[in-house]
Amino acid sequence: PSEKVIFWLYGGAYLSGDCVGNLGTAEMVARKTNCDVFLAEYRLLPEHEFVDCIKDARDAYNYLLTVKKVQQPNNVFMFGISSGGGIAVYLMQDLAKEERDKLPRAAVLMCPFVEYTEPKGSLVHYVKHDLIVTQSVYAVGIPYLAKKLGSHENRVKESPVFRQFESLPPLCVVISEHECCYDMTISLVNNARAHGVKVEIAVWKYLCHVFPMLSAMIPEGKEAMNYMCEW
């Protein structure tokens, strides 16, 4: 066992995903980084509420620090994929406000889904090309999120990209320039940097959402995964 632990938050647009489906990739990352990996399960829409996802992630993180006895949060690295990246940012923002001593050392965000307002920009234009966030996923998933979060004002309030970034740890961000979450990811990076957060971002072209998860099949995915592990 390693003293360093990756706190893993899978993606799925808050509608799908689970720990089992991420085990293979998580094990690969663990071997490449010489870290243990703790995969957090969380409740999903539409059966549950958006706040349940955040609560479960925070409970899992506290469990890691207490029951699993990770003595130093500085030994923890968050790894968030798509909506899991959104949860990771949201959780760190809450910790920075309420329990700063529990902040992780750093966080890796793979194609983070971090804005939940009315769809615009890349979230609208690139779904017709994307292998992961297809037009069907867009048509089903976005209405569920809008229904759960309600008014525009509340959707802004709950979007990590618009929340506070002060005191957040360093971030490593990977994204494709031609995928649905590109615009919101650039906004996240700019907002974080404007508040003094150290951010490294790597951008690939002409690739789908969460393309590093396809590292066994495409060289660009392998390259991006190695970049995140080396960081």
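Guide: Gladly! The largest cavity holds about 40 Å³ of space. Here a cavity is a set of points on a 1 Å grid over the protein atoms alone where a 1.4 Å probe fits but cannot get out; points join across faces, edges and corners, and the volume is the space filled by probe spheres set on them. This is a predicted model, where local features need pLDDT of at least 70 and side-chain atom pairs pLDDT 80 or more, while totals for chains, interfaces and linings use all residues. Residues are numbered from 1 along each chain as its sequence is written, and side-chain values use heavy atoms, without hydrogens or water.

Searching the whole structure turns up one cavity of 30 Å³ or more. Around the largest cavity you will find F113, E115, Y116, T117, L123, I142, L145, A146 and R155, lining residues being those with an atom within 4 Å of a point. Six of the lining residues are nonpolar, one is polar and two are charged; Tyr and Ala count as nonpolar, Glu and Arg as charged. Helix 5 (residues 135-149) contributes the most to this lining, with three residues.

Now for the sheet. Six strands make an open, parallel sheet ordered 2-1-3-4-5-6. Helices (H or I, at least four residues) and strands (E, at least two) are DSSP runs numbered from the N terminus, and two strands pair if DSSP finds at least two bridges between them. Strand 2 (36-39) and strand 6 (199-204) each have a single partner strand, so one side of each has no neighbour in the sheet. Inside the sheet, four bridges link strand 4 (residues 106-110) with strand 5 (residues 171-176), and M110 has V174 as its bridge partner.

How values were computed: 1 Å grid on protein atoms, 1.4 Å probe; cavity = no way out; pocket = protein on both sides within 12 Å on 5 of 7 lines; lining within 4 Å.
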